[in-house]
There are 2 protein chains.
Amino acid sequence: MLYKLVMKGVLLYSGGLDSSVLLYKLISKGIEIQALSLNYGQRHSRELQQAKEICQALGVNLKRLELSPLKELLLGNSQTCADIEVPEGHYTEESMKLTVVPNRNMMMLSIAIAWAVGLKYDAVYFAAHSGDHTIYPDCRPEFIQAVDACARICDWHPVRVLAPFSQLSKTDIVRLGAKLDMPFGKTWSCYKGGERHCGKCGTCVERKEAFAKAELPDPTLYED
Amino acid sequence: MLYKLVMKGVLLYSGGLDSSVLLYKLISKGIEIQALSLNYGQRHSRELQQAKEICQALGVNLKRLELSPLKELLLGNSQTCADIEVPEGHYTEESMKLTVVPNRNMMMLSIAIAWAVGLKYDAVYFAAHSGDHTIYPDCRPEFIQAVDACARICDWHPVRVLAPFSQLSKTDIVRLGAKLDMPFGKTWSCYKGGERHCGKCGTCVERKEAFAKAELPDPTLYED
């Protein structure tokens with residue numbers, strides 16, 4: 001369904017766990033992929049180094065664009081504003097809102113769509129999952145549908161926006177990654193972007209939990 | 001209708017004729033405006049200098065972002081590819097397609113929406129007009145509606161995307177600008193981006209025609 005009709009796609013690729021499993025999944029389906037990483041000035045740009053290493057190992061072409069001036073107008077969030085700290089522990093409604101980069105996914109998807117149009121590719125793939133829905137308004141299925149509606153009519157060459165993990169939990173994604181022999185240790189989740197995963201921020205807590213619930217070993221080196 | 005409910009907006013502002021008239025119109029309606037200019041590597045970045053001068057004269061805050069690495073993935077068009085020449089004369093279907101930057105408007109609007117969300121502003125204004133519809137798929141009312149649908153749900157703070165000139169011709173816009181005492185000579189249209197307007201490219205031809213049809217003097221200095 002989400003893979004069958006599409007033979008060529010651009011993957012929005014952060015180097016995080018979710019998009020790395022999606023990359024492996026797409027390759028396993030025989031889909032021709034160009035990967036796209038964007039530096040929008042995020043604190044955790046460390047993830048982009050991981051994206052590069054994983055793509056190199058797989059022989060996938062990765063385009064990385066330096067768009068860090070964007071952060072000048074991405075206000076009020078811990079990921080692009082140096083004066084707002086990354087919240088620790090399980091996400092609460094209050095703390096999760098702090099991590100939301102305004103309209104991040106529409107910006108990134110629209111750039112990926114532009115590239116797909118020029119390449120005459122069929123789709124843009126995006127690794128939003130069901131655990132994201134409660135945290136990020138721009139990961140919800142209705143939002144992805146709205147962006148897909150734009151991509152279908154933005155040019156004479158229509159593009160689809162597909163989020164095959166939209167109904168999966170992070171635990172499901174870890175299970176899928178294990179089946180595909182994904183080297184989890186090479187992926188990056190931590191929002192603090194230090195040398196190692198901090199183990200305390202919301203994304204680290206989620207990452208740990210996903211491995212625990214999937215009853216799979218977590219190869220991640222955490223600071224704590 | 002398109003102005004009444006909105007008191008604060010971000011204007012996507014190129015320094016061209018259309019968006020300059022829209023800026024004057026919004027100010028005349030008492031709307032608080034932040035203007036946004038984006039350098040995506042366009043050949044005619046000369047227009048951005050005009051945007052700066054016009055905003056300075058009006059006391060409007062203008063944010064200009066340097067995002068020229070974007071052009072690395074904006075393929076197959078005369079505006080961001082050095083090896084594709086800007087077509088001359090009246091647009092034909094063939095020639096007009098050459099000038100289309102893939103998904104340009106969705107990229108620019110999504111960045112403007114991100115800023116509007118952070119500012120807690122109500123809307124993003126965009127100067128697409130009816131003459132654009134036949135040329136640019138991403139200026140059509142159905143496309144603007146699709147982007148508006150994204151902007152309404154991309155965050156807990158909803159934003160509207162408004163294109164008040166969507167049903168106006170360029171001639172109508174010139175007439176409106178004249179009523180608002182717009183200094184037309186300060187705006188920039190030419191896609192070649194030289195020292196003066198070339199007078200030959202599709203946008204120059206349209207600009208000349210709009211003044212002629214509106215029966216108003218054209219203060220533009222053309223090369224030819």
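Here is a friendly conversation about a predicted model with chains A and B.

Biologist: What should I keep in mind about the numbering and the confidence limits?

Modeller: Residues count from 1 along each chain as its sequence is written, while chains are lettered from A and ligands numbered from 1 in the order in which they are written. As this is a predicted model, local features need pLDDT of at least 70 and side-chain atom pairs count only at pLDDT 80 or more, whereas totals for chains, interfaces and linings use all residues.

Biologist: Happy with that! What makes the sheet of chain A an open one, and in which order do its strands stand?

Modeller: Strands here are DSSP runs (E, at least two residues; helices are H or I, at least four), numbered from the N terminus. Two strands pair if DSSP finds at least two bridges between them. In chain A five strands form an open sheet in the order S3-S2-S1-S4-S5, with parallel pairing. S3 and strand S5 (160-162) of chain A have a single partner strand each, so one side of each is left without a neighbour in the sheet. From one strand to the next, the twist averages 25°.

Biologist: How do you know that S1(A) and S2(A) pair?

Modeller: The requirement is at least two bridges, and five join strand S1 (residues 8-12) of chain A to S2(A) in parallel. For instance, A:Gly9 has A:Ile33 as its bridge partner in S2(A), and A:Leu12 stands opposite A:Leu36.

Biologist: And how many bridges link S1(A) with S4(A), and S2(A) with S3(A)?

Modeller: S1(A) and strand S4 (residues 123-125) of chain A pair in the parallel sense over three bridges, with A:Val124 as the partner of A:Val10. S2(A) and S3(A), also parallel, are joined by six bridges. There, A:Gln34 partners A:Asn61 and A:Asn39 partners A:Glu66.

Biologist: Why is the crossover from S1(A) to S2(A) called right-handed?

Modeller: The term is used if, with the strands pointing away from the viewer, the path from the first strand over the helix to the second runs clockwise. The chain passes from S1(A) through helix H1 (residues 17-28) of chain A to S2(A), and this β-α-β crossover is right-handed. The crossover from S2(A) through helix H2 (residues 46-58) of chain A to S3(A) is right-handed too.

Biologist: What makes you call S2(A) mostly covered?

Modeller: A residue is buried if 20 or more other C-beta atoms lie within 10 Å of its own, exposed if 12 or fewer, and partly exposed in between, with C-beta atoms placed from the backbone. In strand S2 (residues 32-39) of chain A, six of its eight residues are buried. S1(A) is mostly covered as well, with four of its five residues buried.

Biologist: Then how does B:Gly76 count, and why?

Modeller: B:Gly76 has 16 C-beta neighbours inside 10 Å, so it counts as partly exposed. B:Gly76 is placed in the loop between S3 and helix H3 (93-98) of chain B.

Biologist: What does B:Gly76 touch, leaving aside its neighbours within four places in sequence?

Modeller: A contact requires C-beta atoms, placed from the backbone, within 7 Å. By that rule B:Gly76 is in contact with A:Gly118 and B:Cys81.

Biologist: What makes up the side of chain A that touches chain B?

Modeller: 35 residues of chain A are in contact with 35 residues of chain B. Strand S3 (61-66), helix H4 (104-119) and helix H6 (141-153) of chain A each supply at least two residues of that side, and H4(A) gives the most, with 10 residues. By class there are 25 nonpolar, four polar and six charged residues; Ala, Val, Leu, Ile, Met, Phe, Trp, Tyr, Cys and Pro count as nonpolar, Asp, Glu, Lys and Arg as charged, and the others, Gly among them, as polar.

Biologist: Last one: how do you know which kind of axis relates the two copies?

Modeller: Copies are superposed by least squares on the C-alpha atoms of residues with pLDDT of at least 70 in both. A rotation of 180° with 0.0 Å of shift along its axis superposes chain A on chain B, at RMSD 0.0 Å. The two copies are therefore related as by a two-fold rotation axis. The same surface serves both copies, as 100% of the contact residues of chain A recur in chain B.

Note on methods
Contact = placed C-beta atoms within 7 Å. Axes fitted to C-alpha atoms, helices over the stretch in contact; angles between N-to-C directions.
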